[in-house]
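Hi,

Here is the structure I promised to pass on. Please have it open while you read the notes below it.

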Amino acid sequence: MYHAKKIGVFISHIFGAYQQGVCQGIIDKASEYGYTTEIFTSLDGENLGTYENGEASILRIPNYDSFDGIIFASDTYISADLKEKILDKLKTLPCPVMEIAAANNHFPTVSLENNSMAGKLTTHFLAVHQASRVCYLGCSSEPYFSELRENYYKEALKHAGKTPGENDIYRCDYDLCAVKEALTFFCATGTPEAVVCYNDRLALLFLAAALSAGYRIPEDIALTGCDDTTEGHNTSPMLTTISFPVYDLGRTAVESLLTLIRGGDLPFVTFLTAEPIIHNSCGCKSSENSNSVFFTRELSDRIAALENSIFDSIDMSSSLQHIADLDDGLDLLEQFVRKIEECQAFYLCLYSDWDSVSSHILALTNNEESLADTDTILLKFALKDEKRLPECSYRKKNLLPDYIYDGSDCSYIYIPLFFEEKEFGYIALSYKDNRIDHHFQLIQWQININHMLQGIREAKRTGMLVAHLEDIYMKDSLTGLYNKHGYNHFEEQLLNRAISENLPLTAFMIDMDGLKKINDTFGHSEGDFAIQVMGQALESTAEEGDLCARFSGDEFYMLTVGLSEKEAKLRVESITSYLHNYNRLSSKKYQISCSCGFASAHPSSTFTSEHIQELFAEADQKMYEEKINHHTART
């Protein structure tokens with residue numbers, strides 16, 4: 001059986017290196033204690049317009065009662081609105097919640113304390129390298145954390161009996177031109193001996209700016225970064241930085257959560273401290289860089305993979321763009337899912353109301369939709385261990401069917417499917433050996449799938465509207481029988497069938513008796529009602545393929561294929577019998593009756609619509625004769 005013990009994780013932008021490191025630490029540590037992990041991820045705040053309106057649908061996915069505890073990586077959310085919605089939900093849960101955050105936390109928190117390292121690196125320059133002037137390059141687009149690190153830089157200077165000079169602090173964005181301006185600013189009062197940068201990214205930009213200006217690093221200007229990136233390992237000189245133990249952050253969060261689950265006590269904030277990593281850019285002698293050919297090859301592979309992902313996404317988008325049938329779309333989707341590296345399982349789960357249309361469209365088109373069972377989930381696509389599994393439905397108590405959970409120790413990533421505010425369902429992903437390898441490409445694929453589902457839903461809506469317009473154009477509004485347009489549209493089909501199968505073609509003319517008297521005596525609304533009853537008489541006695549029509553007034557037309565003369569007479573008797581039974585049961589003060597006539601022919605290949613009109617004229621004459629007989633009989 002699937003593990004009964006579960007830890008839920010809310011984290012945004014799962015494709016990021018920080019997020020994947022934290023999640024891997026959570027999964028591995030939870031597994032050591034017999035827990036599985038369910039990760040709920042979103043894509044908020046990426047300037048995708050109204051697309052992000054549906055991100056809150058992530059809150060509909062979890063079965064909150066199944067969790068022993070939840071970890072909330074609140075700092076990963078760009079959108080304050082979505083973050084607040086998740087917080088509001090988590091505050092209502094009975095299970096303990098552990099937060100991963102650097103500040104503004106709401107639950108017991110694990111925090112990576114790496115801002116004070118800016119002070120330690122400053123002290124390193126002052127104490128180890130006897131630098132007399134150390135500058136700080138901050139980040140204007142991330143002011144909160146940049147200012148924290150700047151303050152630790154200032155404290156380190158103060159501790160050494162120094163204060164920053166007028167040209168010692170500069171803040172800019174991640175732009176080479178802006179960083180060149182920073183270099184110019186620092187050098188306006190002489191070349192600084194060292195620069196502490198907000199992070200590795202800014203440090204690498206500053207390195208490029210300094211080298212292009214003719215400075216040597218670290219001989220002329222020593223340099224440090226922060227966050228320990230792969231790029232920093234492969235520069236020359238190798239970048240001095242600080243550790244970024246995100247994997248340990250995830251493991252510590254689980255350990256702390258388990259303490260809460262067991263009823264233990266924790267400090268409100270548990271700190272995990274980073275450490276300096278001393279390389280060459282600060283002026284120290286450390287191990288040599290790894291051969292840059294390996295990093296160059298890695299970059300080339302990453303660029304090639306990115307190019308391939310772009311083309312795959314374009315191919316996927318164009319392939320799914322005009323899909324109107326879900327099964328066809330899922331067959332195409334399978335081709336792309338099989339390309340996801342290290343993917344063990346991919347499930348596409350839809351809510352039972354995923355393709356519902358708005359109530360006003362249903363009312364406009366005279367359609368009804370049965371109320372969806374909100375506790376039922378449709379597993380529409382399942383690929384596990386490279387095998388396509390059959391679709392099924394299941395109750396929402398689990399996020400996947402029980403048979404998938406049985407014997408499994410997988411941790412799953414859940415991704416919401418939506419279009420604007422319409423919630424479709426979710427994708428569930430697992431990776432081989434529970435090693436997360438979630439690439440940005442899958443975000444593009446997620447959007448493509450959402451657009452496909454919305455396109456199918458729109459096709460359903462459009463189909464309803466088109467059918468309604470066709471009804472307006474081709475059907476009589478009073479009786480629901482075909483009007484002149486509808487009759488003309490289908491007449492040729494019946495004629496071709498009669499010719500190809502050598503069957504008789506029979507034209508019926510039916511005229512109501514006494515409609516004018518009903519109108520004059522009881523009003524036109526009763527006359528309309530009587531016409532509707534007459535239409536129901538024709539419709540109830542007609543067989544599949546018969547063409548019944550009312551062009552106007554009290555005359556009705558019926559065109560049939562394959563009736564013998566005896567069967568045609570029985571048809572007339574069925575119509576009059578229907579009206580007789582109606583009159584017998586009706587409380588109306590008038591009787592509804594009709595006169596009928598019919599004419600038949602075996603059409604040849606030269607038979608045309610004009611010949612059919614001649615049949616109707618013959619039927620009309622017989623109907624008129626019958627009407628006279630009815631009138632004579634009544635008088």
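**Backbone points**

D385 sits in the loop between β14 (376-384) and β15 (387-389). Helices (H or I, at least four residues) and strands (E, at least two) are DSSP runs, numbered from the N terminus. Before going on, note that this is a predicted model: local features need pLDDT of at least 70, side-chain atom pairs count only at pLDDT 80 or more, and totals for chains, interfaces and linings use all residues. Residues are numbered from 1 along each chain as its sequence is written, and side-chain values use heavy atoms, with hydrogens and water left out.

Back to D385. Its phi is positive, near 50 degrees, and D385 is not a glycine. D385 is partly exposed, with a relative accessible area of 48%. For these labels, buried means under 20% relative accessible area, exposed means over 50%, and partly exposed is in between (1.4 Å probe, protein chains only).

Q130 also has a positive phi, about 50 degrees, without being a glycine. Q130 lies in the loop between α3 and β6. It counts as exposed, at 56% relative accessibility.

Two cis peptide bonds deserve a look. One joins I217 and P218, with omega about 10 degrees. P218 is in the loop between α6 (200-212) and β9 (222-224). The other runs from S236 to P237, with omega near 5 degrees. P237 is in the loop between α7 (230-233) and β10. As background, most residues other than glycine have a negative phi, and most peptide bonds are trans.

**Salt bridges**

How many salt bridges are there? The count comes to 30. The rule is a side-chain nitrogen of Lys or Arg within 4 Å of a carboxyl oxygen of Asp or Glu.

Start with R133 and D168. Their closest N and O atoms are 2.7 Å apart. R133 is buried, at 14% relative accessible area. D168 is buried too, at 8%.

R216 forms a salt bridge with D220, with the closest N and O atoms 3.2 Å apart. R216 is partly exposed at 48% relative accessible area. D220 is partly exposed at 27%.

K475 and D471 meet through their side chains in a salt bridge of 3.8 Å, N to O. K475 is partly exposed at 29% relative accessibility. D471 is partly exposed at 36%.

There is also a salt-bridge network. It links K29, E32, R251 and E255.

**Aromatic pairs**

The structure holds 25 aromatic pairs. Rings of Phe, Tyr and Trp (its six-membered ring) pair if their centres lie within 6.5 Å; planes under 30 degrees apart count as stacked, over 60 as edge-to-face and the rest as tilted.

Take Y18 and F244. Their ring centres are 5.9 Å apart and their planes are at 35 degrees, so the pair is tilted. Y18 lies in helix α1 (residues 17-32) and F244 in the loop between β10 (241-242) and α8 (246-261), so the pair ties together parts that are 226 residues apart in sequence. Y18 is partly exposed at 22% relative accessibility. F244 is partly exposed at 30%.

Ring pairs also build a cluster. Its members are F10, F40, F67, Y347, Y351, Y405, Y412, Y414 and Y426.

**H438**

Is H438 buried or exposed? H438 is buried, with a relative accessible area of 2%. It is found in the loop between β18 (422-431) and α13 (441-474). The H438 side chain makes a polar contact with the side chain of Y431, at 2.9 Å. A polar contact is a pair of N or O atoms within 3.5 Å; within protein, one must be able to donate a hydrogen and the other to accept it, and residues adjacent in sequence count only if both atoms are side-chain atoms. Leaving out residues up to four places away in sequence, H438 touches I14, F15, Q20, I413, I415, L429 and Y431. Touching here means heavy atoms within 4.5 Å.

Best wishes
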